[in-house]
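Me: I would like to learn how to read helix packing and pockets from a model. Can you take me through one case?

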Amino acid sequence: MSRAISIVIGVIFLLYGLLRIGVGSAMLGHEFGLFEIDALKEPIEEVGKFIAEKLEKDKILVPVTVGGYVGYIALMGLVLSIGAIGSLAKKGFGLPLIATFLLMYAALFINFQTINPKIVHLEMAGVLFLILLWIRVREQA
C-alpha cells in the first residue's frame, strides 16, 4: 500500500513540475518575444505589476525582472520533475530534489516578503513530501 501511495504522490509531483515547466517556459518565451500568446499577456502584466509594486515598497530582498521570475518558476518545475522521477525510480536524488523545490518555493515568499493564497500549494507539497519521506524511512527500517 505504501508503494502505491509513493507512486501517486510521485506522479502528482511530476505533473505539477511539468505544469510549472510548461507555464514558466511559455511565459519566458512570451516575455522575451520568441512568440506571442494572447492568453499570457494578462498574467505577465500581473507579474510585472506585482514586482513593480514590491520594488516600490522596498519589499524585495533580491530584485528580479519578469523574465527572471518566470524563468525561476520554470527552473522550480525542472527541479521538481527530476526529483519526482527520481522518487518514482527510488533513486537517492529524488527526495533531496523535491526538498530543494520546496526551499525554492519558500524562497519566493521570503524574497517578496509576502504571504498569499499560493502558500497553500507550498503547504500541500510539504505534506506530500513528508509522507514520501516517512514511507522511505519505513521502507529502509
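Predicted model: local features only at pLDDT ≥ 70, side-chain atom pairs only at ≥ 80, totals over all residues.

Me: How is the packing of two helices described?

Reply: Two packed helices are described by the angle between their axes and by the distance between those axes. Here, helix α4 (residues 94-111) packs with helix α5 (residues 119-140) at an angle of about 160 degrees, and their axes are 10 Å apart. Angles over 145 degrees count as roughly antiparallel, so α4 is roughly antiparallel to α5.

Me: Is the crossing of α4 and α5 left-handed or right-handed?

Reply: The crossing is left-handed.

Me: Which residues of α4 and α5 make the contact?

Reply: From α4, the contact uses L95, I98, A99, F101, L102, Y105, A106 and F109. From α5 come I119, H121, L122, A125, G126, F129, L132, L133 and R136. By class, this contact holds 14 nonpolar, 2 polar and 1 charged residues.

Me: Which elements supply the lining of the largest pocket, and which gives the most?

Reply: Two or more lining residues come from each of α1 (2-31), α2 (38-56), α3 (66-88) and α4. The most come from α1, which gives 5 residues. The lining of the largest pocket divides into 13 nonpolar, 3 polar and 3 charged residues.

Methods
Residues numbered from 1 in each chain as written. Heavy atoms only, no water. Axes fitted to C-alpha atoms, helices over the stretch in contact; angles between N-to-C directions. Helix = DSSP H or I, 4+ residues; strand = E, 2+ residues; numbered from the N terminus. Parallel < 35°, antiparallel > 145°, perpendicular 65-115°, else oblique. Left-handed = near helix turned anticlockwise from the far one by under 90°. Contact = heavy atoms within 4.5 Å. Nonpolar A, V, L, I, M, F, W, Y, C, P; charged D, E, K, R; others polar.
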